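Student: Hi! I have a protein open on my screen and I'd like to walk through it with you. Could you help me read it?

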Amino acid sequence: MKSHDIGHGIILTMGVGAGSCIECNNWDECPSCGSRTCYFDCDLSQLMDETEQDARDRLVANGKMSAIMSMAQNMANKGVPIDTIKEVVDETYNDMTNEV
Ligand SMILES: [Zn+2]
């Protein structure tokens with residue numbers, strides 16, 4: 001098992017053979033409950049001053065992060081070298097966060 005920091009808070013861990021797992025510590029979480037999927041779901045978020053727009057932006061950002069992680073893991077499982085994965089993740093992240 002070897003873990004690689006592939007940027008943007010994403011950690012890719014390669015197991016023996018084709019196995020891999022991927023984690024991220026760069027989620028945009030609900031300021032109240034810490035969930036990355038919460039959309040005014042928790043009791044506290046009803047009382048906080050996060051706006052609907054902020055909550056939507058947060059969910060969109062997390063959706064993009066999920067897509068990038070899935071892509072990175074699939075590349076790893078196909079045997080793409082880590083350096084290439086890092087580059088593609090970085091470029092994709094920048095493309096996705098710079099779009100209007
Ligand atoms: Zn919440």
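This is a predicted model: local features need pLDDT of at least 70, side-chain atom pairs count only at pLDDT 80 or more; totals for chains, interfaces and linings use all residues.

Student: Okay. Which residue does S3 stand opposite?

Tutor: S3 faces T13, again in β2. Strand β1 covers residues 2-5 and strand β2 covers residues 10-14, and the two pair in the antiparallel sense over 4 bridges.

Student: And what do β1 and β2 form together?

Tutor: They form a hairpin, with 4 residues between the strands. In that turn, G7 has a positive phi of about 95°.

Student: How many bridges join β2 to β3?

Tutor: There are 5 bridges between β2 and β3, and these strands also run antiparallel. Strand β3 is residues 20-24. If you want a pair to look at, I11 stands opposite E23 in β3.

Student: So what's the strand order in the sheet?

Tutor: The order is β1-β2-β3, in an open sheet of 3 strands with antiparallel pairing. β1 and β3 are the edge strands, as each pairs on one side only. On average, neighbouring strands of this sheet are turned by 20° against each other, direction ignored.

Student: Which helix packs on the sheet?

Tutor: That's α2, residues 52-77, which touches β2 and β3. The direction of α2 makes about 155° with that of β3.

Student: Let me zoom out. How many helices and strands does the protein have?

Tutor: It has 3 helices and 3 strands. Starting at the N terminus, the elements run β-β-β-α-α-α. The C-alpha atoms fill a box of roughly 50 × 30 × 15 Å along the principal axes.

Student: What share of the residues is buried?

Tutor: Buried residues make up 12% of the 100 residues in the protein.

Student: Which residues are in the largest nonpolar core?

Tutor: That core has 10 residues: I6, I10, L12, M65, I68, M69, A72, A76, I85 and V89. The largest share, 5 residues, is supplied by α2.

Student: Now the helices. At what angle do α2 and α3 pack?

Tutor: They pack at an angle of about 160°, and their axes are 10 Å apart.

Student: Parallel or antiparallel, then?

Tutor: Angles over 145 degrees count as roughly antiparallel, so α2 and α3 are roughly antiparallel to each other. The crossing of α2 past α3 is right-handed.

Student: Which residues meet there?

Tutor: From α2 you have K64, I68, M71, A72, M75 and A76, and these meet I85, V88, V89, T92, Y93 and M96 in α3.

Student: One more topic: where is E87 found?

Tutor: E87 is in helix α3.

How values were computed:
Residues are numbered from 1 along each chain as its sequence is written. A residue is buried if 20 or more other C-beta atoms lie within 10 Å of its own, exposed if 12 or fewer, and partly exposed in between; C-beta atoms are placed from the backbone. Two strands pair if DSSP finds at least two bridges between them. Axes are lines fitted to C-alpha atoms, for helices over the stretch in contact, and angles run from 0 to 180 degrees between N-to-C directions. Two residues are in contact if their C-beta atoms, placed from the backbone, lie within 7 Å. A nonpolar core is a set of buried Ala, Val, Leu, Ile, Met, Phe, Trp, Tyr and Cys residues joined through C-beta atoms within 7 Å. Angles under 35 degrees count as roughly parallel, over 145 as roughly antiparallel, 65 to 115 as roughly perpendicular and the rest as oblique. A crossing is left-handed if the near helix is turned anticlockwise from the far one by less than a right angle, and right-handed if clockwise.
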